[in-house]
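Me: I am new to protein structures. Please show me how to read the features of this one, step by step.

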Amino acid sequence: MTGTTEPFGARLRRAMDERGPLCVGIDPHASLLAEWGLSDDVAGLERFSRTVVEAVAGRVAVLKPQSAFFERFGSRGVAILETSVREAREAGALVVMDAKRGDIGSTMAAYAESFLHRDAPLFSDALTVSPYLGYGSLKPAVELARRNGAGLFVLALTSNPEGGEVQHAVRADGRNVGATMLAHLAAENAGEEPLGSFGAVVGATLGDLSSYDLAVNGPLLAPGIGAQGATPADLPRVFGGAVGNVVPNVSRGVLRHGPDVTALRAAADRFAEEIRAAVASA
């Protein structure tokens, strides 16, 4: 980290304390555009994205655009993503870019520079990354994130059923791959206060995770609430003592209430309150 750049973990902790931990996804896939009465083209994408940002960026801690839904429209879609990221951050939300990048060496460094360099048009507060070329392959992203006060969310125990094929595989030392990723993150965050900047993606749909050490001193991005079947009330059972560091992600559960801005805000507020109550009861 250079200069006086405040680390992502500190900024996230403050945003969670002030606004609650809810993360709203910006997922403009074709079916949602249709539900909103929008065309599946650049114009529809722009209207969708601007509406979501207008509705919730000033009231939730985190917005998480899924880059693939913008990239499918080429350069014009990426330009809209740039605008969405900038406007969301200007409104006070932190932006987690859901791009799940993962590669080695100079290619991983280039991915990191695309999203984690402060001068990049797509600079985001944090980036989702895949460690399955080996955790060490993420080193360029870890180093750049530290220098720029940004963060990473590393895929560790994901909500998709296919993930277990890799994440539950047992290493020679007897620890499975998912647990190994959590241990790496705990090492990255050692000594950081009030919260480390390197988090894990851990599905809220996974049930009892008491066999895993989720105390990584970093945030846990938790997809799966809403359409995938998990509820805010499930959070204490799934995450146990780490629930206070969970950033629950809701996408369709909020977005299906568009395009009305008031309805989107009301849905986000309902989820936020349910999450606050669940965390407080833990």
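Reply: Start with a pair of helices. Two packed helices are described by the angle between their axes and the distance between the axes. Here helix H3 (residues 42-56) and helix H5 pack at about 10°, with axes 10 Å apart. H3 is therefore roughly parallel to H5. Angles under 35 degrees count as roughly parallel, over 145 as roughly antiparallel, 65 to 115 as roughly perpendicular and the rest as oblique. Axes are lines fitted to C-alpha atoms, for helices over the stretch in contact, and angles run from 0 to 180 degrees between N-to-C directions. Helices (H or I, at least four residues) and strands (E, at least two) are DSSP runs, numbered from the N terminus.

Me: What kind of model and numbering is this?

Reply: The model is predicted: local features need pLDDT of at least 70, side-chain atom pairs count only at pLDDT 80 or more, and totals for chains, interfaces and linings use all residues. Residues are numbered from 1 along each chain as its sequence is written, and side-chain values use heavy atoms, with hydrogens and water left out.

Me: Which residues make the contact of H3 and H5?

Reply: Contact means heavy atoms within 4.5 Å. H3 brings Val42, Leu45, Glu46, Ser49, Arg50 and Val53. H5 brings Arg76, Gly77, Ile80, Thr83, Ser84, Glu87 and Ala88. By class, five are nonpolar, four polar and four charged. Ala, Val, Leu, Ile, Met, Phe, Trp, Tyr, Cys and Pro count as nonpolar, Asp, Glu, Lys and Arg as charged, and the others, Gly among them, as polar.

Me: At what angle do H3 and H12 pack?

Reply: H3 and H12 pack at about 55°, with axes 9 Å apart. That makes H3 oblique to H12. Thr51, Glu54, Ala55 and Val56 of H3 touch Val261, Leu264, Arg265 and Ala268 of H12. The classes in this contact are five nonpolar, one polar and two charged.

Me: Is the crossing of H3 and H12 left-handed or right-handed?

Reply: A crossing is left-handed if the near helix is turned anticlockwise from the far one by less than a right angle, and right-handed if clockwise. H3 and H12 cross in the right-handed way.

Me: How do H6 and H7 pack?

Reply: Helix H6 (residues 105-116) and helix H7 (residues 139-148) make an angle of about 30°, and their axes lie 8 Å apart. They are therefore roughly parallel to each other. H6 passes H7 in a right-handed crossing. Among the residues in contact are Met108 and Ala112 of H6 and Leu144 and Ala145 of H7. The contact has eight nonpolar, two polar and one charged residue.

Me: What do the strands build?

Reply: Two strands pair if DSSP finds at least two bridges between them. Eight strands form a closed barrel, S1-S2-S3-S4-S5-S6-S7-S8, with parallel pairing. The twist averages 30° from one strand to the next. Val129 stands opposite Val154 in S5. Helix H5 (residues 74-90) packs on the sheet, touching strand S2 (62-65) and strand S3 (94-101).

Me: Where are the cis peptide bonds?

Reply: One joins Glu193 and Pro194, with omega about 0°. Pro194 sits in the loop between helix H9 (177-188) and strand S6 (198-202). Another joins Gly258 and Pro259, with omega about 10°. Pro259 is in the loop between helix H11 (252-255) and helix H12 (261-281).
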